[in-house]
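Welcome! Let us walk through this structure together, one step at a time.

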Amino acid sequence: MPDLAKKALAIAREMREAERRRKGLPPTPEPQEIPLPVAAGPGAAYRQALWHLWTLPPDAPQATYDQALAEVLLQESLLPPLVAQALHREEARRFHAETGRCPFCQEPGELHLDGSGGS
Ligand SMILES: [Zn+2]
């Protein structure tokens, strides 16, 4: 599991457990799905689809990659173009800040926004 996914899992778990403690509920077991570090609200599904695509393991099957990409394009099509563009840039920067990698070419170092490189 990539470090980012572990971190995401830990954060999501911590939030959920804090909520359960407030309600006086017992701790929950580990989730089956890895929750992504994405805020709720408009465009959340798009943000989540982007992170899902960008955090696929390099050896993921082509079909998995295609499906993740299709989900990104679907969610993008549901948003006004300028909103989608802004979210895309924001999440790309966040991904780059958190992982040190460019989400488009997966190379460490420079972030290639606006097709100035591997996107
Ligand atoms: Zn790049």
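**Starting from a tryptophan**

Leaving aside its neighbours within four places in sequence, tryptophan 54 is in contact with Phe95 and Pro103 (two residues are in contact if their C-beta atoms, placed from the backbone, lie within 7 Å). Residues are numbered from 1 along each chain as its sequence is written. This is a predicted model, in which local features need pLDDT of at least 70, side-chain atom pairs count only at pLDDT 80 or more, and totals for chains, interfaces and linings use all residues.

Is tryptophan 54 buried or exposed? Tryptophan 54 has 21 C-beta neighbours inside 10 Å, so it counts as buried (20 or more other C-beta atoms within 10 Å of its own; 12 or fewer is exposed, and in between is partly exposed). Tryptophan 54 lies in helix 2 (helices are DSSP runs of H or I, at least four residues, numbered from the N terminus).

Now look at how helix 2 (residues 44-54) meets helix 3 (residues 62-77): they pack at an angle of about 160 degrees, with axes 9 Å apart (axes are lines fitted to C-alpha atoms over the stretch in contact, and angles run from 0 to 180 degrees between N-to-C directions). Helix 2 is therefore roughly antiparallel to helix 3, a term for angles over 145 degrees. On the helix 2 side, the contact includes Ala45, Tyr46 and Leu53, while helix 3 brings residues including Leu69, Val72 and Gln75.

Confidence is highest in helix 3, at 96, and lowest in helix 1 (residues 3-22), at a mean of 80.

Terms used:
Helices (H or I, at least four residues) and strands (E, at least two) are DSSP runs, numbered from the N terminus. Angles under 35 degrees count as roughly parallel, over 145 as roughly antiparallel, 65 to 115 as roughly perpendicular and the rest as oblique. pLDDT is the predictor's confidence in each residue, from 0 to 100.
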